[in-house]
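Here is a short briefing on pockets and annotated positions. Please look over the model before reading on.

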Amino acid sequence: MEIASGTVAYLANLSRLHFNEDEQAVITDELQQMLAFVEKLQELDTTGVEPLMHMGDAVNVLREDKVAGSVTRAEALKNAPVHDEQFFKVPKVIRK
Amino acid sequence: MFRFSTIKDYHTALQNGQTTCVEAVHFYIRAIEAQRELNAYLEVYAAEALQRAAELDARLASGEPLGKLHGVVVGLKDVICYKDHRVSAASRILEDFVSIYNATATERLLAEGAIIIGRQNCDEFAMGSSNEKSAYGPVKNALDHTRVPGGSSGGSAVAVQAGLCMVSLGSDTGGSVRQPADFCGIIGLKPTYGRISRYGLLAYASSFDQIGIFTNTVADAALLLEVIAGPDAYDSTVSTQPVPAYSKEIAAGADKKYRIAYFRQALEHPGLDPVIRDEISLFIKKLTAAGHIVEAIDFELLEYVVPTYYVLTTAEASSNLSRYDGVRFGHRTKVATEELADMYKLTRSEGFGKEVQRRILLGTFVLSAGYFEAYFTKAQQVRRLISEKTTTIFSNYDAVISPTVPSTAFKIGEKQQDPVEMFLADIYTVFANLAGIPGISIPLFTHPEGMPFGLQIMTSHFDEVSLLRLSAELMQLK
């Protein structure tokens, strides 16, 4: 499969990554090589094969509904790069 | 002069007063200092390890019973959380991140008296096969400083290889414990998917990831597994199957004869070093002579395992790594942005290395509209075929053996150009992660050029007992 121009920019946006034009050219080549490599799977006939989505036979385990396993607000904010006493801070998202 | 051979001998020496935990920790701190050049550790907890050692020595003196890992000096790959200590996945994006809780594996090590000596270098977010993709510089193979130690758990493997701790924990998503163990001449065990809780293990590909163990002896690996495996309220994918007393189980059934298979396609693979092929073939003759049944079987899917692995793991990684957004933890760009999305993009592109970004992009591609069926669903179907084949194999055989890696440790920088070339280093190891079965690399061979290499053994789901028993037996056959 040939990677169309614009595909890397489209994927970069979906991935929330940023590449300048030079980087885009390099990464297009690399993505092309990686895709050529995984293209091999198309050789196999998998008609009617159920996709394997979950490993193992573990089922969801429920517990009593009691308060446990939480972290304090101070702990939760400890690693945040920008915060105040109560909140994580981000650039303004609502404008007039 | 302190010397470490096995945990059992160390405990005997402690009880006989021939050594102390403090002496052991001093020994490792000096060894790490003397071998800084290997770059195996990102951080060493010297003062607190000494303090804990002193406490453990006092406990022993007061007559308290020994924990199973009393005074055992352990290193942790930089993807396993240790409360109030940094954990960075060898990435800039988590450079200053301090864990606010213990991984379940860490908790269980500490509960049995282990001493954590430091966090160990690895490929960024465990993505790599050479430990050249760390944001903090490559790790060197202690046997030859111009060669890679393998990856992604390179620092953890070298630390055991060079005597910079007694045992280490790593993580194995496609071979990241077994492959560096092979390159470094030590034991690397990847248990069954779900055998050890993944709580507090930084995620790469959640349906593949499993904590693994590096040791010098099979007995030590068995003891560690026994301590850290088992059910956990914090991980709903961990198995509730009871954990056998592996350290006792390996001693039993020492003379058992096994039915062992090997993949014809694996030994005939054109990428396999002929010396490795010949040594393994000779070893198969030895096994037969020792009374085991060893048979060649076909595994037509071998050529497809690495592509399947890359489609599924990059897809899972692109999803898992979306949490690194510069809001709740980790690096945030210093560039002022008007838009929230621009803040995310700059933060992530500054924080993630190139290999991580490549894999996120590929994963996003295979999950995107128009390609999802052709790549992602296709790979999940192939995974089903691999899984069914695995069930068939283990209904006839106790174990499958193969080389662990097609070559010995390569030179640092040798495989930097082509992003695909490095993938083939994983050809024999990814199968176990795709199928979810346990695998181990045991150091049996030395190449004429001087580097070690291992034999990989795999058994059926949750049959670590056979895996460890057979490993112990084959180590004797060496």
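What volume does the largest pocket have? The largest pocket has a volume of about 550 Å³. This is a predicted model, where local features need pLDDT of at least 70, side-chain atom pairs count only at pLDDT 80 or more, and totals for chains, interfaces and linings use all residues. Residues are numbered from 1 along each chain as its sequence is written, chains are lettered from A and ligands numbered from 1 in the order in which they are written, and side-chain values use heavy atoms, with hydrogens and water left out.

**Pockets**

- A pocket is an open set of points on a 1 Å grid over the protein atoms alone, where a 1.4 Å probe fits, with protein on both sides within 12 Å along at least five of seven lines; lining residues have an atom within 4 Å of a point.
- Grid points are joined across faces, edges and corners, and a volume is the space filled by probe spheres set on the points.
- The largest pocket is lined by 24 residues, and C81(B), F97(B), Y101(B), R323(B) and F329(B) are the closest to its centre.
- Its lining divides into 14 nonpolar, five polar and five charged residues. Nonpolar covers Ala, Val, Leu, Ile, Met, Phe, Trp, Tyr, Cys and Pro; charged covers Asp, Glu, Lys and Arg; the others, Gly among them, are polar.
- The second largest pocket holds about 470 Å³ of space. Of its 28 lining residues, M55(A), G56(A), D57(A), H461(B) and F462(B) are the closest to its centre.
- Helix α14 (residues 372-396) of chain B gives the most to this second lining, with six residues. Helices are DSSP runs (H or I, at least four residues), as are strands (E, at least two), numbered from the N terminus.

**Annotated positions**

- The UniProt annotation "active site", from an unreviewed entry, covers K77(B), S152(B) and S176(B). They spread over 100 residues of sequence but cluster in space, with a largest C-alpha distance of 11.0 Å.
- UniProt positions are in the numbering used here, feature names are shortened, and annotations may be inferred rather than shown by experiment.
- K77(B) lies in strand β2 (residues 73-77) of chain B. K77(B) counts as buried because its relative accessible area is 0%.
- Buried means under 20% relative accessible area, with a 1.4 Å probe and protein chains only.
- S176(B) sits in the loop between β4 (167-171) and α6 (178-184) of chain B. The side chain of S176(B) makes a polar contact with the side chain of S152(B) (2.8 Å).
- A polar contact is a pair of N or O atoms within 3.5 Å; within protein, one must be able to donate a hydrogen and the other to accept it, and residues adjacent in sequence count only if both atoms are side-chain atoms.

Notes
Buried means under 20% relative accessible area, exposed over 50%, partly exposed in between (1.4 Å probe, protein chains only).
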